[in-house]
Amino acid sequence: MNIDEALPTFFAESAELLREMETDLLACTSAAPSADDVNRIFRGAHTLKGSAGLFGFEYIVAFVHEVEACLDRVRLGKAVLDSQLAGVLLECNDHVEKLLALASQGNTPPTEQMLATGHGLLKSLGAEPKAAEVKAAGAEAAAPATIGAWQVGLRFSPEVLVAGMDPLGFLRYLNTFGTIKDLTIVDDALPSVAEFDAQKCYVGFKFAFETDAPREKIEGAFEFVRDDCTLELTPPAPKAAAAAAAAAPGQQAAATASGNQTIRVDSQKLDGLITRIGELITAVAGANLVARRSGSRDFEECMANVTGLVEEIREGSLQLRMVKIGGTFSRFKRVVHDVSRELGKEIELQISGEDTELDKTVVERIADPLTHLVRNAIDHGIEAADVRASRGKSAIGAIKLNAYHDSGTIVIEVSDDGGGLKRDRILAKAIERGLIDASAKPSDSDLFNLIFEPGFSTAEAVTNLSGRGVGMDVVKRNITALRGVVSMKSVEGAGTTVTVRLPLTLAIINGFQVGVGSSIYVLPLDSIDECVEFSASEGHDFTSLRGEVLPFIHLRSLFATQAAAAKRQSIVVVRHGGRRAGIVVDTLLGEFQTVIKPLAKMFTRVDCVSGSSILGTGDVALILDVPAVLERAIQRSQAATNQQPDSGLAAVA
Amino acid sequence: MEFQIESRAGTVSVCGDMTVYAAAELKTALLAEVAAGNTCLDLSQVQEFDTSGLQLVLLLNRELQGALKIVACSPGVRATLELMNVKLLSEAA
């Protein structure tokens, strides 16, 4: 086994370890850690050190060793893991992350500056009584981490005996540079007498192997049967952990078993799979069309089966890309911890809905905008402690992160219980900048959304508007790029909530096709409430839906379609963000899986269209941007009720 | 044939090698002995003993529901059984 091949795994696992340690350390900053917590952090550091050593990253080993020694002092009760020490350890964590980054760039030794940072950190760790440190280091030396028993599991392929290899021989060889202890023969694969082929190998072995030889040497012992055996090597655990493991061997086995239930897959492979499934869906749509034209019933039946299967595959493969948002959320614990420390504010982060799943690409790209929103909330949302006290709020500010699913979208809320937005100032600012009429009376949501306008917040606005708006246009642009929308709610003095709505996936959606004239448009099925027959008195832009006013828009006029209207038109009722509107179309074509193709750059300014899709016939259908269309419909009907002249709509397509 | 089997008073003595080369025949022969009620093994004349031999011993022991007794064995076999943690040895001093 080439050690270099294992490197990416090492980096991935180290990053995971660091993340886990970070979570635990952050927990320590708010509450006194239990012995279990300390042990877990210690084990993390220990594992990290061990594997770094295996790959020869000596500078990581040296640094982590000190961190480990410090944690050991905590374990022995010679030091207290208070929030201050946890803070230093967090910084150490960051330092290790940097060292790892360095190591991943081809094992370049750390710069002087980094070494100095490391030394500084270690010094703050070692500020505990010197004597204890010496003692702890001594204890460490007396029981070097490398001595201990490896846990070895061995399985051979049945053909190994016939190939002239004797598994016993390898075990005897192992005994030449170590001691095999507590061997158990795994004979559960031993077949019944009748099926027992004496020339096949059925047994496996499990044992503890005491040696100070490195992993390579143990693996090397099985060089000759590398293809014919599976070797499981678990490095010696630190003493305490070993004791715990011995006490609960069943538990450990269970842990290993669950560990095997996930595999790491290169995300590019997944992307490739999704792309191909996209092509498959388009191809199947084409085949379906041919089937219908051919008039052969058998053919159509077959295609119906195929379509069903493809749909399941699509669902399944998209599921593969779904990850829980909790991982992203817990990252903010750190952001909150750091920023609040920096600003001297006491802030508590409350997280809910962390099990909500969404597409991995979306998760990756939403992290930055969310960080910005969270930082903003801490920096400008939460007031200073004395101001909070004067307003009768708890001295500890609260930031809430929440996520949930809502009609095919995921909603992420970032809220704070801070000072809120100052409506008057924003209004004044907006009028000053000519964004709205001086006489206009915009709704709160319209007004607050102006904050996302590029350049709305200027230097003098930072103080006036409690700084919100700095980079908010960037946040909005990032979210819009993900086909999402962002909105803001705020009550002055009570807090602000920023709501981000994102599509669950970027690649394939369940689409509902509608026709106008000869053109076909696609609406995301999840955004559709129902379809009703078109009925409205001439000249009105709204209808009554079971007694409720429903504004609607003619797709024909929106896109300036030339063809005459069909005799019977329908209204598709769409919903977004709690609002509803109707879209008037000629024909309802039904549900189709739709592969989203982004529009070319030159069309990015086109309103009401979010993408395109290729139909089975090879024709292109435009995917409607439901929030934008809905907005248009509502605006139009409001304009009409206000008896103002129709502003006219931009014709596209 | 690289081995010989002899049974007397419930004890089966194997003489020769218990390796993969003879495993198939050994299996048939030993199973027949066990079926005939011989539940003790004398391995003192066994030279080579490999994984297939070990498997056979395990198989026989399972057939006898754990009642197999190894009453004598050669130093080589003893080392292997000890390494393997197989506790079937019950030597009559």
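Trainee: Which residues touch the most other members in the largest nonpolar core?
Mentor: Of its 44 residues, Phe209(A), Met18(B), Leu26(B), Leu43(B), Val46(B) and Leu56(B) touch the most other members. A nonpolar core here is a set of buried Ala, Val, Leu, Ile, Met, Phe, Trp, Tyr and Cys residues joined through C-beta atoms within 7 Å. A residue is buried if 20 or more other C-beta atoms lie within 10 Å of its own, exposed if 12 or fewer, and partly exposed in between, with C-beta atoms placed from the backbone. Keep in mind that this is a predicted model, in which local features need pLDDT of at least 70 and side-chain atom pairs count only at pLDDT 80 or more, while totals for chains, interfaces and linings use all residues. Residues are numbered from 1 along each chain as its sequence is written, and chains are lettered from A and ligands numbered from 1 in the order in which they are written.

Trainee: OK, and what does Phe209(A) touch?
Mentor: Leaving out residues up to four places away in sequence, Phe209(A) touches Ala149(A), Trp150(A), Val152(A), Leu174(A), Gly178(A) and Ile180(A), where contact requires C-beta atoms, placed from the backbone, to lie within 7 Å.

Trainee: Is β1(A) mostly covered or uncovered?
Mentor: Mostly covered, since six of the eight residues in β1(A) are buried. Helices (H or I, at least four residues) and strands (E, at least two) are DSSP runs, numbered from the N terminus.

Trainee: How many bridges join β1(A) to β3(A)?
Mentor: Seven, with the two strands running antiparallel, and Arg155(A) stands opposite Gly204(A) in β3(A). Strand β4 of chain A, residues 229-234, is also antiparallel to β1(A) and is joined to it by six bridges, with Gly153(A) opposite Glu232(A). Strands count as paired if DSSP finds at least two bridges between them.

Trainee: Switching topic, how many residues of chain A are in contact with chain B?
Mentor: There are 19 in chain A, in contact with 20 residues of chain B. On the chain A side, β2(A) gives the most, with four residues.

Trainee: And what order do the elements of chain B run in?
Mentor: From the N terminus on, they run β-β-α-β-α-β-α, and 37% of the 93 residues of chain B count as buried.

Trainee: What about confidence, say the ipTM of the complex?
Mentor: The predictor gives the complex an ipTM of 0.87 and a pTM of 0.47. Chain B averages a pLDDT (the predictor's confidence in each residue, from 0 to 100) of 84, and 95% of its residues score at least 70.

Note on methods
Two residues are in contact if their C-beta atoms, placed from the backbone, lie within 7 Å.
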